Structures are given as C-alpha cells and as structure tokens.
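Opened the model today and jotted down what I looked up, entry by entry.

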Amino acid sequence: MDYSKLWSYENGSVVDMNNLKTDDVFRIHKRITVNEVDGTALCFYSKNIFFTVYLDGDPLYSFNPTPPRLFGRAYGYYPHTVPLPVSRFDGEIVINIENCYSGKAGFITNMVLTDDNSFVISTLQRNIPEFLFCLVSFVFGIIVFFIGLTGRYYGEKRYEIISAGAFAIVCSVWIATETQILSVLTGDPFAVHFLDYMAMDFISFPALMFIAYLSSNKNSVIVVISGILTVLLVGFSIVSTMLDFKDYHQLIICSQVLIILSIIAVIYFIVSGLIQKKVRMTTVLFLFSPFILSIILAIWGIISYNIYHIKLGFPYLKIALFIFILDCGIYEFKSISDMSRRSQYAEIMEQIAYSDSLTGLLNRAAFNRETEAAARKKTPYTFVMLDMNYLKLVNDRLGHAYGDEYLKSLAECIKNSFNHGEKCFRIGGDEFFIMSKESVGSQIFNRSINTLNRQVEDYNDDKNPDIPLSIAIGISEYNPEKDDIEDSIRLSDKNMYTDKTAVKKKLDPILLKSPV
C-alpha cells in the first residue's frame, strides 16, 4: 500500500516526498486509521536524513546514528522498516526529520505499508543480479591483478594487466555499493557509502593507466599527473571530512571533475594511438567501443546528477562497464595465454642452451653466465672444483658407455648432496663445478661435502665396479670486496689438483696394475 500521500508539515502544507524541505530540522505528520495499521510496518528508503518516528507521541523507531567522522555524514539510500503496533483507535504518525547537510534536502522514497520481511526481501531480490555481476567482476579483477603482479616474462605488459585488474576491482566495488545489499548485510550504510566515495575517486586512474599502456602512451606525463591528482583528492577529502570542513558528499564535484579530466585524457590516448598506428582497429572495435559508450553515459550521469539531482543513465552505465570488463577479461586472458606459451617456449630453449645433455647439470655456457653475473653483483661464493678420477681408464678398459654411466652417477651424487640452492655445473669431460652461498665452515656446506663423499662410497659398495668411482675436490672462497673471481676459480682448480695427486698416489698402484 502506497503511503507517501497526504503527509503534512506543521503549518498544514502538503509534503512532496520527492522534494522535502531544506530546513535543518522539521516535522511531518499524517493521520493513521485502525484499518491501515493492522499490525503492518511502515517501510521506506531514506537518504541523508536522520529521523525519529512517533505514533501518538510514543517513539517507534529512531535513526540517529553517530558514524565515525572518517565516514562523513552521507549514507546513500537505506531501507527502514518501522513495525506499527496493533491499535483499536485511529492515531497520528509523526516523523521528526533532521537533514544531514544544512540547507540541502534529504529524501524519503518508496514509502509503503507492508510486511517488513517482504520489504527487505524484495530489496535484496531486486539487487541480487547486479550484485552477483559485481562479485564476479571483483573476483575476475583479483585474479587478473595477481597474475600481473606475480607473472613471469610479462615485462611492460604486466602494468597493463595490473591496471585492468585494478579497474575491475574498483569498478565492481563502486557499483556494488549502489546496490544496497552491502548496506543491508552489514547494517552500516555510512561505511558502505564511504567505500562508494573512495571507489569513485580511484576509478579513473586504473582506467586511464590501462588505456595508456594499451595505446602505447605508458610514458605520458598525463598518467603521472592523474596519479598525483588522485592521491591529492583522496587525501584532501579524508582530511577535510575529519576536520569537519567539507565531507565527501559536498566534495563530489571534485571527483566528477577528475573523472571528466581522465575522460579527456583517455580520448586523447585513443585518438593519438590511432593516428600514430599504435592501436589496431580491431582493438578499437572490440575493446574501446564499450569503454567509449561508458564515457558518454558517465558524462550524461554527471550532468544529470548536478542539474536534476538524479542519476540518469546510471543503469546503462553499469551495463556498459560490465561489458567493458568482460572484453578486458577476454583480451587480457588471450594476451596472458600467448605470453605464457612464448615464455614456456623460451624456458625450454634456455634449458636446452644451458643444460648438459648427459648429466642434466648446468653446462659450460651457464657456468660462464653465472660467474660473470656473480662478478657484476659482487656476490660472495664458495667455489668447489670437482674432478672424476680415472675417466680415461674407464673408457679404455670398459668402454665409453660405462664412462657415461659413471659421469651420470657422479652428477646424481652432486645433485643429491648440494640441494640448498647451489648451482652445479659440468664444465668439461670429467670436470664439475659448484657455486655455493654457504661459507666453508658452515654446517650446511660441511654436510654437503660429507654427503657427497658418502654417496660416492655408497655407489662403490652397491655397484662394486671394476674401477671404483673416485673424485678429487678443490675448494676456495670468493670475497668480491678483495678477490678477483678468476683467481678464486683458479685457486679451487689448483686445490683440486693437489687433492687429485694425493688420491692417485693411493689408487694408481692398484688400478694401473689390474688386468684389462
């Protein structure tokens, strides 16, 4: 039952609910009959007013919250249900109203007498489809944002992906705050409306950044200026509200000006990209068309809001933004898929280029690359030069196939022993090299060396080869503050040959006299 008619001010004039008085405090009233009440509830939406409802002088419902100053005084449209008591007499219902902003009228809309649960449920049902779209867009934005943040091999493209995800997140939050579902579920319309204002302030920057990267204008000073203006606007709005000078609702014109400036910059980027042939026409038709439509609807909405105080075209703007987010998703996921395919191919090629085909360890090319990088970065290392003894003897007596098996077995021993982030190389026929960030006396390094020696012993015990697997080890430390890396490598090589000489003194008399 529509209940917005026949309300009066104290002076007897009729109340127009769509055009309430601008007085700071006033009162409206209406006669209510027994048949109308009948245990129903007075239900309506309010915006930017505080009020108390009385029936025959008795307070029934009060909405006079004291929100944190950070949130401001505006709360948008919020549903209220005022249960009316069963009565056997006619009475008078009175609403004492205080406008949140001096000299500016708030609103009461959709006033009806109905069941309170039905009113709330209908509010939720009406907004659920739009809210679900927002939820899907939000999840999509989170996924895209973190893909751009953590993805490998994206280069400059990562900022385009991040900005697309950020725009989807902010846009979905902005639209979701207008659905009233968040206000109903949280019971805190002030916090939700604060989120609405913050999203409105931030929404233009990720959109501009996305278009800038898409149109090859990423280095434009306009992007930097837009970021600075966004931060200044958010900071000024928060400080101004906290100091009770002007709050977000009164500063909304500043947000709208920033959005208009961003729209002008976006149009400039698109046009310049087309003129300089940095943007393909297919991209314009597929991606920019819904965005340009969104721009037109946004301008229409800003003008109508400031002139008529209503959001004309806002439902169409939301549809256009959802279409743009969907197109962005298709475009970015296609780009991500292409880049992932190329990066996987690059990884395979790199693995082929820098891996030893026999042992699976890094090869000589990788050794040169890593030692050069260590010298440039001034990173301290412990170097281990390792040589397999008697490889020529194994090849001569047992054949090269056996020699390859020995090398592969030794490589497995090295990989199993140095498994704390060390880089392990095969740099020659029977020469291996390890770069470790652990110092010589550290527990981890000593354990790795002991494990290597034990693994070689275990191999000989298990396989009982005609020629035992034998290694020589040389160790040196590289301190970039005082050492030359080539000298440190040569020192490890020299120490290895010293160890090799000692080992061969023990084994030569046995192995060299053994029969073929």
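I take contact to mean heavy atoms within 4.5 Å. Helices (H or I, at least four residues) and strands (E, at least two) are DSSP runs, numbered from the N terminus. This is a predicted model, so I keep its cut-offs in mind: local features need pLDDT of at least 70, side-chain atom pairs count only at pLDDT 80 or more, and totals for chains, interfaces and linings use all residues. Residues are numbered from 1 along each chain as its sequence is written, and side-chain values use heavy atoms, with hydrogens and water left out.

Helix α13. I looked up its buried residues (under 20% relative accessible area; exposed is over 50%, partly exposed in between; 1.4 Å probe, protein chains only). Among them are Gly-403, Tyr-406, Leu-407, Leu-410 and Ile-414. Their cover includes α12, α14 (443-463) and the strands β9, β10 (423-426), β11 (431-436) and β12 (471-478).

α12 against α13. I found that the axes of α12 (residues 391-398) and α13 (residues 400-417) come within 7 Å and cross at roughly 140°. These axes are lines fitted to C-alpha atoms, for helices over the stretch in contact, with angles from 0 to 180 degrees between N-to-C directions. Leu-391, Val-394, Asn-395 and Leu-398 of α12 meet His-400, Tyr-402, Gly-403, Tyr-406 and Leu-407 of α13.

Tyr-381. I placed this residue in strand β9 (residues 381-388). Tyr-381 counts as buried because its relative accessibility is 8%. Beyond its neighbours within four places in sequence, Tyr-381 has contacts including Ala-374, Lys-423, Met-435 and Tyr-478. I also checked Glu-370: Tyr-381 is eleven residues from it in sequence and 11 Å away, C-alpha to C-alpha.
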